Amino acid sequence: MFNKLVGNEHIKQTLHHLVSKGRVPNSLLFAGDDGIGKRQFALELAMAFICIGPKDGEACDVCPACRRTSIFSFPKPDDRDAHKKVIFSHHPDVGTVIPYNRNILVDAVRHLESEAYFRPYESPARFFIIDDADKMNDPAANALLKTLEEPPSTTHIFLITSRPESLLPTIRSRCQTIRFGPIDDQQIEDFLVDERAFTRDEARLAARLSRGSIGRAVSINVEQFRVRRDMMFAVVANVIDIGDRAGLLRISEEMNDAKNKDRFEGNLEILESLIHDVWTLIVSGDVTRIVNTDVADKLERLAQNAQGADFPTWLASIDKMRENFAVNINRKISADALFVGMTA
């Protein structure tokens, strides 16, 4: 049932056991970092009930019911009315609720509540997946509580979140929590080579950059990443080797030009990873612990010259800058201040 999914083997065993014993809870909370497969696990669990040709108690993944389960037609991001309803897959017993902008609308949760009390159309049970469940505001969460307190026996609700602590305690207490861990780098690397036609070198780098998230790894364009990393590497090299503020301000301007402005936050993450790597090499000297292993020789050279660098302050400044994005700060001015501060 879960063989095609990568990682979290203990969760596969747990869910397989629950299915085989007929003890799948009506409310499950799938918690873990973004991109590690929580939603896909939920869909596979639904398929175990919906499959019309199960083999050894597991979904076949090829029958019409299985194929329809995972096919959704999602609305456009700006279609508010469409986000007020449960979005059903091509199977009428599998639906999902997704956020509109940064919030799950209370109307969508109320629609889920009404749909939850309908008997299944084709299958033994109905399944509802709430994506980014932490984006429910208090009215939406309270609307869900009644259904969680007295769920129909033929309805299962799966909440997906990377921030379980942001959910109301009353929501968490009514769900059995399944906690997902980061996926092993080697498993991600092998998946990218076998299933996504990455070269081995590309896959190794993407796996290290993914921080255990297969979704993040798949989305990485390694060639583009390396171009962006060269720009951020120039920042670190400038601060450590030269201290040329004029050069840093030119890089700041490049980060904010029309070509790069949409990548600003991602470029900050790249800068952060390079700073971490140099610091790691100074502290441990262990190349296997860094992310950007393909440029390890360049990072080692910087580490040799960076004994007095204030890495904690640099990283704290980047974190503070990221927090300020919520209040629409001027990114060019903030980048200028960051780079100048790094040379102080």
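**Pockets and a buried arginine**

Guide: The lining of the second largest pocket holds six charged residues, one polar residue and no nonpolar ones. This is a predicted model.

Visitor: Which residues line the second largest pocket?

Guide: They are Asp34, Arg102, Asp132, Asp134, Lys135, Ser162 and Arg163. The volume of the second largest pocket is about 210 Å³.

Visitor: What is the make-up of the lining of the largest pocket, by class?

Guide: Nine charged, seven polar and six nonpolar residues form the lining of the largest pocket. Its volume is about 510 Å³. Of the 22 lining residues, Leu209, Arg211, Phe225, Glu269 and Ile270 lie nearest the centre. Helix H12 (264-283) is one of the helices that supply at least two lining residues, and H12 gives the largest share, nine residues.

Visitor: Why is Arg126 called buried?

Guide: The relative accessible area of Arg126 is 1%. Buried means under 20%, so Arg126 is buried.

Visitor: How do you know that the side chain of Arg126 makes a polar contact with the backbone oxygen of Glu115?

Guide: The side chain of Arg126 reaches that oxygen at 3.0 Å. The cut-off for a polar contact is 3.5 Å, so the pair qualifies.

Visitor: What else is Arg126 in contact with, leaving aside neighbours within four places in sequence?

Guide: Its contacts include Phe88, Asp93, Tyr121 and His156. Arg126 itself is found in strand S4 (residues 126-130).

Notes: Residues are numbered from 1 along each chain as its sequence is written. This is a predicted model: local features need pLDDT of at least 70, side-chain atom pairs count only at pLDDT 80 or more; totals for chains, interfaces and linings use all residues. Side-chain values use heavy atoms; hydrogens and water are left out. Helices (H or I, at least four residues) and strands (E, at least two) are DSSP runs, numbered from the N terminus. Buried means under 20% relative accessible area, exposed over 50%, partly exposed in between (1.4 Å probe, protein chains only). Contact means heavy atoms within 4.5 Å. A polar contact is a pair of N or O atoms within 3.5 Å; within protein, one must be able to donate a hydrogen and the other to accept it, and residues adjacent in sequence count only if both atoms are side-chain atoms. On a 1 Å grid over the protein atoms alone, a cavity is a set of points where a 1.4 Å probe fits but cannot get out, and a pocket is an open set with protein on both sides within 12 Å along at least five of seven lines; lining residues have an atom within 4 Å of a point. Grid points are joined across faces, edges and corners, and a volume is the space filled by probe spheres set on the points. Ala, Val, Leu, Ile, Met, Phe, Trp, Tyr, Cys and Pro count as nonpolar, Asp, Glu, Lys and Arg as charged, and the others, Gly among them, as polar.
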